[in-house]
Amino acid sequence: MAGGPLPAPAEKAAAVRDMFDRIAPGYDRMNGLMTAGFDRAWRRAVIELAAVGPGDRVVDVACGTGDLGLLATTVGASVVGVDFSAPMLEIAAGRGLGGRLSRADALELPVANACADAVTCGFALRNFVSIPPFLAEAGRVLKPGGRIVLLEVATPTNALVRFCHQVYFNRVVPLLGALLAEREAYTYLPHSVVYLPTTVELLEMLAAAGFERTGARRLGSGGIQLVYGRRRS
Ligand SMILES: C[S@@+](CC[C@H](N)C(=O)[O-])C[C@H]1O[C@@H](n2cnc3c(N)ncnc32)[C@H](O)[C@@H]1O
C-alpha cells in the first residue's frame with residue numbers, strides 16, 4: 001500500500017485485494033500463529049450462534065481460504081463462499097469448497113434475493129469500503145428470519161488486558177508478519193481497526209439495515225466480538 005499502512009478511500013478496495021492476493025499462500029499459517037489456534041474456537045462459535053444446521057444455505061462473505069464455509073459444511077449446510085481475492089479462493093477450492101465459490105465484491109453479492117438461511121462474515125468488516133452497503137446486501141440475500149453473524153476483532157474493555165492486547169497487536173503481529181510473511185500487510189492489520197465502528201454503532205447499522213434481535217458477544221478476553229441479528233420478517 002503506497003504511502004503508508006492505510007490506503008486512501010478511493011484506493012482501498014484495490015489495495016486490500018492486492019494485499020490479500022499477496023499474502024494468501026501464508027494466510028492460514030499466520031492466522032493460526034497470531035491467534036495461537038484460538039481462531040478455530042471463534043469460528044465454531046460463529047456457526048453455533050448462526051444456528052447453522054443440516055440443509056441450511058449459508059453465504060460466507062469474504063470467505064478467504066474457506067474456514068467458516070468448511071465448518072458450515074461439516075454440520076450439513078450448503079455454502080456459497082464469496083471473496084474478491086482469486087488466490088484466497090484458490091486455496092479455499094483446494095480445501096474442498098470447490099464449486100461453491102464466487103469471486104465478487106461483498107458489496108454486490110452474486111446471490112439471489114431471500115435465498116439464504118444464514119450469512120457469516122469473518123474478520124473482513126474493516127476491509128470493506130463501507131459497512132452499511134454490505135449489511136444491505138446481507139439483508140437482501142437472507143430469507144425473512146435469516147441469521148447474520150459477524151466475527152471481528154475488538155478492543156478489550158479491561159485496561160490491563162487492553163494494554164497487553166495493544167502491545168501484541170501493534171508490535172508483535174507486525175514483527176511476526178515481517179519475519180514470516182509481509183511486514184506491510186501485517187502492519188495494516190492492526191492499523192485497519194480504525195475503520196471499525198464501535199460495537200454499539202455496528203448494532204445500530206444492523207437495525208438500520210432491517211435486522212432485529214441483534215446483540216453482541218465478546219470472546220478471547222474481549223479482543224474478539226461476535227455481532228449478530230435476524231432479518232426482520
Ligand atoms: C482477514 S481475511 C478473512 C478471511 C476469512 N473470512 C477468515 O475468517 O479467515 C479478509 C478477507 O476479506 C476479503 N475481502 C476484503 N474486502 C472484500 C470485499 N470488498 N469483497 C470481497 N472480499 C473482500 C479478502 O480478500 C480476504 O480474503
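**Figure 1. Helices α1 and α4 lie roughly parallel to each other in this predicted model**. The angle between the two axes is roughly 30°, and angles under 35 degrees count as roughly parallel. Helix α1 covers residues 12–34 and helix α4 covers residues 86–97, and their axes come within 7 Å. Two packed helices are described by the angle between their axes and the distance between the axes.

**Figure 2. Residues at the contact of α1 with α4**. From α1, the residues Phe20, Asp21, Ala24 and Tyr27 take part, and they meet Ala86, Pro87, Met88 and Ile91 of α4. By class, seven of the residues in this contact are nonpolar, one is charged and none is polar.

**Figure 3. The shell of residues around the ligand**. The ligand has 21 residues around it, of which Ala62, Gly64, Ser85, Ala106 and Gly122 come nearest. Two elements, α1 and α3 (67–74), each give two or more residues to this shell. Helix α1 gives the most, with four residues. The shell is made up of 13 nonpolar, four polar and four charged residues.

**Figure 4. Threonine 214 in strand β6**. Strand β6 spans residues 211–219 and includes threonine 214. This threonine counts as partly exposed because it has 17 C-beta neighbours inside 10 Å, whereas a buried residue would have 20 or more and an exposed one 12 or fewer. Beyond its neighbours within four places in sequence, threonine 214 is in contact with Leu203, Leu206, Ala207, Tyr228 and Gly229. Glutamate 204 is 10 residues from threonine 214 in sequence, and the C-alpha atoms of the two are 9.1 Å apart in space.

Conventions
Residues numbered from 1 in each chain as written. Predicted model: local features only at pLDDT ≥ 70, side-chain atom pairs only at ≥ 80, totals over all residues. Axes fitted to C-alpha atoms, helices over the stretch in contact; angles between N-to-C directions. Parallel < 35°, antiparallel > 145°, perpendicular 65-115°, else oblique. Contact = placed C-beta atoms within 7 Å. Nonpolar A, V, L, I, M, F, W, Y, C, P; charged D, E, K, R; others polar. Near = placed C-beta within 6 Å.
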